[in-house]
Amino acid sequence: MGTLLTCYKPLLSIRFSSFPSSLRTFQLRTHSSNNPRRRNPIRRCFSSLSPSQPLINGKSVDKTNGNQPASPSTELWLHNTMSKKKEVFKPKVEGKVGMYVCGVTAYDLSHIGHARVYVIFDVLYRYLKHLGYEVCYVRNFTDVDDKIIARANESGEDPISLSRRYCDEFNQDMVHLHCLPPSVEPRVSDHMPQIIDMIKQILDNGYAYRVEGDVFFSVEKFPDYGQLSGRKLEDNRAGERVAVDSRKRNPADFALWKSTKEGEPFWESPWGPGRPGWHIECSAMSAAYLGHSFDIHGGGMDLVFPHHENEIAQSCAACKHSNISYWIHNGFVTVDSEKMSKSLGNFFTIRQVIDLYHPLALRLFLIGTHYRSPINYSDVLLESASERIFYMYQTLHDCENALSQHDTRLQGSIPPETSNVINKFHNDFLVSMSDDLHTPVVLAALSDPLKTINDLLHTRKGKKQAMRIESVAALEKIIRNVLSVLGLMPTSYSKALQRLKEMALQRAKLTEDQILQKIEERSEARKNKDYEKSDAIRKDLAVVGIALMDSPNGTTWRPAIPLALQEQQVAAT
């Protein structure tokens, strides 16, 4: 990359895709930042800008072809951790948004605390695109870290290979959860030249010092340290999220570069062989793709301190013009009121949960609480999300079947009653999402249009309504559009419903044949007026989460919240 630009501007142009695997291969323990073959080109977003322009924080936009930046369709308010209040979102460049979200440290399967972070920022990504913004979404992988090295040493595996494997596992989880791929997914191991150059700049500017091959950031040199978290320097006691090291000038100083140790991967640097500290990685990669000044930096609330606090300090130390407009953080997933984390051992991996529940039921659960509030993991809430999403997809599947029997090109107007439902829902969606992503209000607002569809399809009064099919088509369209923004739109309603039923059977430890047999026994009991037996069969199935539905066409079943869990919840409250 050569020397660091004055304010670390992004370089070259970008394709909207992740790095190809060929850019991630290298020889462990023999890395050299001076090797030109290791200097991977930086690909940046918004390729219409010339290489000399900042990615999105520059003023110039190519207008030679008459294209203007897209204008957002509504005003968006977001809570800014820096100001501790909601602010109107105003991007640095009209119509364009740069967003960086800190990714996982890839040494194990990700848990649902991670899932919440990336589902929430996927919703923000989708909504920004829905409003008409062109978004460059950067989400990194940390593949060089103490935890990765420790896990690799335990298993006797190459640290980079281990991390690469868990990066792939994470991406599979994101596909299951319907998270769109970011514009770029940079990895630390591919960005050593950029990291080393940023550390050089920090040293040159007088904010860091060298000790025996290590480089530390001097927090006392940065007067604004603590501006994000509100912490004071005297609050940062050694050993409390700050590594103890007697060589530091201040216990709160943190490592920018760590000298090599036996059994660890290393890269050559001006300070000797070693590897970067955790915090510098994100500063260098965000600057590489978004420039020193961009719109949104996000992550979990646990990153406010020390990670994001340290990022601000070192980014500003490298370039005095460094500025991120909005710092956005989501609340924890808790278990029994404790934060879910690998260190506490109280976590459930995404794989463990989606082995029992549909991935979109997990997604619904995660956005069913406002993103800044804590959300307590429990089986009853996952069951409730599963039941709710089954109802949504069943309604839309019935709608799809009804529409398939009619000419979908019908252009007739719809009755005022239906128009009112659609307009209210659309307004509730825009108002709630633009008010700091109030997804729970949007999910609650789905009830009216879904109920209206069911009334039109299944009640005597609804079946007689004028322009019934046109109403159903219009309602289905607005619901589908909203579900797409929320990331809850399945590829097929019927396949999603089938999978939801299969997973409900798995949780109930029953087969469909066994349920059909119970339905047959109950029908026989009802014919014989043995209502006690009939009710007992219904209740036995309800206890394990199988609800029986009687209709003139016979009895069917659907997943439901197990009666046993409902009773436990009532007892607990």
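Tutor: The answer starts with the rings and then moves to strands, loops and a helix.

This is a predicted model, in which local features need pLDDT of at least 70 and side-chain atom pairs count only at pLDDT 80 or more, while totals for chains, interfaces and linings use all residues. Residues are numbered from 1 along each chain as its sequence is written, and side-chain values use heavy atoms, with hydrogens and water left out.

Rings of Phe, Tyr and Trp (for Trp, its six-membered ring) are taken as a pair if their centres lie within 6.5 Å, and the pair is called stacked when the planes are under 30 degrees apart, edge-to-face when they are over 60, and tilted for the rest. The count by this rule is 13 aromatic pairs. One of them joins F89 and Y326 in a tilted arrangement, with 5.1 Å from centre to centre and 50 degrees between the planes. Because F89 belongs to the loop between β3 and β4 (96-101) and Y326 to strand β12 (residues 323-330), this pair ties together parts that are 237 residues apart in sequence. Helices and strands here are DSSP runs, helices being H or I of at least four residues and strands E of at least two, numbered from the N terminus.

Strand β2 (residues 77-80) runs antiparallel to strand β3 (residues 85-88) and pairs with it over 4 bridges, where two strands count as paired if DSSP finds at least two bridges between them. N80 stands opposite K85 of β3, and among the 4 residues between the strands is K84, whose phi is positive, near 65 degrees. Most residues other than glycine have a negative phi, and most peptide bonds are trans.

Rings also meet charges in this model, a charge being placed over a ring if NZ of Lys or CZ of Arg is within 6 Å of the ring centre and within 35 degrees of the ring normal. R231 has its charged end over the ring of F305, at 4.1 Å from the centre, and F305 is in turn joined to P306 by a cis peptide bond with omega about 5 degrees. P306 is part of helix α6. In the loop between β11 (293-300) and α6 (304-318) lies D302, which counts as partly exposed at 24% relative accessibility. The C-alpha atom of D302 is 8.4 Å from that of G331, although the two residues are 29 apart along the chain.

V335 has E338 of β14 as its bridge partner. These strands belong to an open sheet of 3 strands in the order β14-β13-β15, with mixed pairing. Because β14 (338-339) and β15 (375-376) stand at the edges with a single partner strand each, one side of each is left without a neighbour in the sheet.

An unreviewed UniProt entry annotates residues 520-558 as "domain: Cysteinyl-tRNA ligase anticodon binding"; UniProt positions are given in the numbering used here, feature names are shortened, and annotations may be inferred rather than shown by experiment. Residues 520-558 are 54% helix and 28% strand, with their end C-alpha atoms 16 Å apart.

Helix α17 (residues 531-543) has 13 residues, and at 1.5 Å a residue it should span 18 Å, which agrees with the 18 Å between its end C-alpha atoms; the expected span is 1.5 Å times one less than the number of residues. S534, I537 and L541 are buried in α17. Viewed down the axis of α17, its buried residues fall within an arc of 65 degrees, so they line one face of the helix, the arc being that of the directions from the helix axis to the C-beta atoms. The exposed residues E532 and D540 are on the face of α17 turned away from its buried side.

Conventions. Buried means under 20% relative accessible area, exposed over 50%, partly exposed in between (1.4 Å probe, protein chains only).
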